[in-house]
Amino acid sequence: MNYFNRLTEIVTCNLNEILAREADPAAAIRKIITEMEAGLAGARRSVTTAAANEERLTKELAELQQQADQLTEEAREALRAADESTARVALIRKKEIADVAAGLQQQLKAAHATREHLTTTLRALEARLNEARRRQVELDASPKTAATSRKGIATLDDDPRTHEIESELEALKRELEEG
């Protein structure tokens with residue numbers, strides 16, 4: 001059984017709810033973790049690709065700026081040589097480069113936003129995977145305790161504050177482990 005079709009489903013899933021429906025929560029959590037790891041690997045590749053695209057666009061824009069500067073210098077040199085026609089051609093080419101650069105600037109903004117979005121999603125996926133791994137440890141450690149805990153959590157799932165409660169509970173657990 002596939003639990004997730006899209007990465008957003010991993011980010012928005014309620015592990016407690018999924019596990020409460022399963023006959024064998026320990027087996028289910030192993031399958032869920034495998035799916036999450038595959039999704040995380042894909043997300044990492046996407047972030048890497050987006051970062052490379054952003055870097056490529058940045059380099060292209062820098063090259064275009066150099067070309068524009070060079071064409072400005074060519075126009076100056078042509079004017080110094082009293083060759084207005086050559087200067088005009090250089091400035092026309094400079095304008096064309098500026099138009100291309102304006103388009104690339106928009107693409108760069110979009111590439112940056114995409115990379116930021118993918119990075120945020122990647123962090124959320126990592127957090128969900130960590131949560132699933134914690135649940136796996138709990139389930140493997142004490143099936144009887146986990147079943148009792150699941151029943152209590154299933155009741156809390158009806159409460160809209162469940163996520164806040166779970167987050168605070170995890171924070172207190174970490175605090176106790178550190179202290």
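Visitor: Is Val47 buried or exposed?

Guide: In this model, which is a predicted one, Val47 counts as buried, because its relative accessibility is 14% and the cut-off for buried is under 20%.

Visitor: Okay, and where does Val47 sit?

Guide: Val47 has its place in helix α3, and although 70 residues along the sequence lie between the positions of Val47 and His117, their C-alpha atoms are 9.0 Å apart in space.

Visitor: What about Gly42, buried or exposed?

Guide: Gly42 also belongs to helix α3, and with a relative accessibility of 17% it counts as buried. Its C-alpha atom is separated by 9.4 Å from that of Leu122, a residue 80 positions away along the chain.

Visitor: Let me step back a bit: how many helices and strands does the chain have?

Guide: The chain has six helices and zero strands, so that reading along the sequence gives the pattern α-α-α-α-α-α, with helices counted as DSSP runs of at least four residues.

Visitor: And what share of the residues counts as buried?

Guide: The chain has 179 residues, and 31% of them count as buried.

Visitor: Back to α3, then: at what angle do α3 and α4 pack?

Guide: Helix α3, which covers residues 25–80, packs with α4 at an angle of about 165°, and the axes of the two helices are 6 Å apart. Because angles over 145 degrees count as roughly antiparallel, α3 is roughly antiparallel to α4.

Visitor: Which hand does the crossing of α3 and α4 have?

Guide: The crossing in which α3 passes α4 is left-handed. As for the residues that make up the contact of α3 with α4, they divide into 33 nonpolar, 13 polar and 15 charged.

Visitor: What lies in the loop between α3 and α4?

Guide: Ala82 has its place in that loop, between α3 and α4, and Ala82 is exposed, with a relative accessible area of 70%.

Visitor: What is phi for Ala82?

Guide: Phi of Ala82 is near 60°, which is a positive value in a residue other than glycine. For background, most residues other than glycine have a negative phi.

Visitor: Switching to Lys94, where does that one lie?

Guide: Lys94 lies in helix α4, and Lys94 is partly exposed, since its relative accessible area is 30%, a value that has to be read against the limits of under 20% for buried and over 50% for exposed.

Visitor: New topic: how much space lies in the largest pocket?

Guide: The largest pocket holds about 410 Å³ of space. It is lined by 21 residues, and the closest to its centre are Asn16, Glu131, Glu166, Ser167 and Glu170.

Visitor: Which helices supply at least two residues each to that lining?

Guide: Those helices are α2 (15–20), α4 (84–141), α5 (143–156) and α6 (162–178). The largest share comes from α6, which gives eight residues to the lining of the largest pocket.

Visitor: How do the residues of the lining of the largest pocket divide into nonpolar, polar and charged?

Guide: The lining of the largest pocket has five nonpolar residues, seven polar ones and nine charged ones.

Conventions. Residues numbered from 1 in each chain as written. Predicted model: local features only at pLDDT ≥ 70, side-chain atom pairs only at ≥ 80, totals over all residues. Heavy atoms only, no water. 1 Å grid on protein atoms, 1.4 Å probe; cavity = no way out; pocket = protein on both sides within 12 Å on 5 of 7 lines; lining within 4 Å. Points joined across faces, edges and corners; volume = space filled by probe spheres on them. Nonpolar A, V, L, I, M, F, W, Y, C, P; charged D, E, K, R; others polar. Axes fitted to C-alpha atoms, helices over the stretch in contact; angles between N-to-C directions. Parallel < 35°, antiparallel > 145°, perpendicular 65-115°, else oblique. Left-handed = near helix turned anticlockwise from the far one by under 90°. Buried < 20%, exposed > 50% of the residue type's maximum accessible area, 1.4 Å probe, protein only.
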